[in-house]
Amino acid sequence: MFRAYGTSPLVDASATHEPRTNPAHEGVTNWRLRTYGEKILEGFINCNTNAFQSLSQLHGKTSYFPGLDDQAGPVLLEEPGHLVDNTLGAQPLSSPSRSSPHSQGSEGGERFSRKVFVGGLPPDIDEDEITASFRRFGPLVVDWPHKAESKSYFPPKGYAFLLFQDENSVQSLIDACITDEDKLYLCVSSPTIKDKPVQIRPWRLSDADFVLDASMPLDPRKTVFVGGVPRPLKAVELAMIMDRLYGGVCYAGIDTDPELKYPKGAGRVAFSNQQSYIAAISARFVQLQHGDIDKRVEVKPYVLDDQMCDECQGQRCGGKFAPFFCANVTCLQYYCEHCWATIHSRPGREFHKPLVKEGADRPRAVPFRWC
């Protein structure tokens, strides 16, 4: 059963800034596509053309929290995996159960990330012993958060990541596992513990995106960024949770790193109507509850970097993209510096904070100095 609930009202929400040179106004049609972002469109049939474009655009953006993939262990230890082979057959895209766009596989027919979580390791097992335990599946590197900095030879939190050279190795590992309550286990040994079952949690690429309502075009101005998403959570689960809470969800995506295609700990949810979008950003925080997952996460507006000022349409800023977005529900607009100062000098708006999207940094509000 999916359960979720929101909490405090929104004061500020923000996102990062990345300069753009394309002067086009509409964000939906001008977002950059990743190479594989173009490929995933092949999985669509009988689908709205606008949904084609905007889905790949939403998926093409990188996570706003790149550092989360290197965080220390508590988050991962609190997120037990639940792996079920729920690859769906051909269904009309209007069906809420249709998973996309990776459901047809990625380039080269890959189905899994080459990065695999392994948890519950014996406390005295070291890197070489972990490598030896999994080398039979193919060449790999063993890693864990802050490994280089700590110079530790033992996984400090009882878990590690297996970075395989080939994606086929992941399937071989899965085939060797035993299944218990939809979780995968494999026995490994350490100097003091023999044949201890450890949890194996691969990431299926098709779980990174889910279209709940393909009849609706995806509008990035009705899209929220969800930070701190537990890594085992699938896009379909995020979509169902947010839809039951706010309604109107048409798409959910999990941000993954471009090389290993492993979850970064963030996601995006697109709504079909303004009411649901405002309700989500006004909540600011949401408690995600599904199975063993129970975590409070942050919800922010998805801020674009290729929008013209909504007040002057670029006439007062030389046709440049608007650097500021106001997430207060009385505004929800993009502004150039001139229009921001003009609009927010009015009574009741002087305490709004401009939000920007910066390179690869965490979203944040920026101070604005009045002239």
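Two strands pair if DSSP finds at least two bridges between them. The close-ups below come from a predicted model.

**View 1. Strand E2 pairs with strands E4 and E7.** E2 covers residues 115-119. Its pairing with E7 (residues 196-201) is antiparallel and runs over three bridges. Here Gly119 stands opposite Gln199 of E7. The pairing of E2 with E4 (residues 159-164) is also antiparallel, over five bridges. Here Lys115 stands opposite Leu163 of E4.

**View 2. Strand E2 is mostly covered.** Five of its five residues are buried. Which residues point one way from E2, and which the other way? Lys115, Phe117 and Gly119 point one way. Val116 and Val118 point the other way.

**View 3. Six strands form an open sheet.** The order is E3-E4-E2-E7-E6-E5, and the pairing is antiparallel. Strands E3 (140-143) and E5 (178-180) stand at the edges. Each has a single partner strand, so one side of each is left without a neighbour in the sheet. From one strand to the next, the twist averages 35 degrees. Strands of a sheet pair through backbone hydrogen bonds.

View 4. The buried residues of H8 are Ala235, Glu237, Leu238, Ala239, Ile241, Met242 and Tyr246. Gly247 follows H8. The phi of Gly247 is positive, near 75 degrees.

**View 5. Asp255 makes a polar contact with Arg268.** Asp255 lies in strand E10 (residues 249-256). Is Asp255 buried or exposed? Asp255 counts as buried because its relative accessibility is 2%, and buried means under 20%. The polar contact joins the side chains of Asp255 and Arg268 at 2.6 Å.

Definitions and conventions:
Residues are numbered from 1 along each chain as its sequence is written. This is a predicted model: local features need pLDDT of at least 70, side-chain atom pairs count only at pLDDT 80 or more; totals for chains, interfaces and linings use all residues. Side-chain values use heavy atoms; hydrogens and water are left out. Buried means under 20% relative accessible area, exposed over 50%, partly exposed in between (1.4 Å probe, protein chains only). Helices (H or I, at least four residues) and strands (E, at least two) are DSSP runs, numbered from the N terminus. A polar contact is a pair of N or O atoms within 3.5 Å; within protein, one must be able to donate a hydrogen and the other to accept it, and residues adjacent in sequence count only if both atoms are side-chain atoms. Axes are lines fitted to C-alpha atoms, for helices over the stretch in contact, and angles run from 0 to 180 degrees between N-to-C directions.
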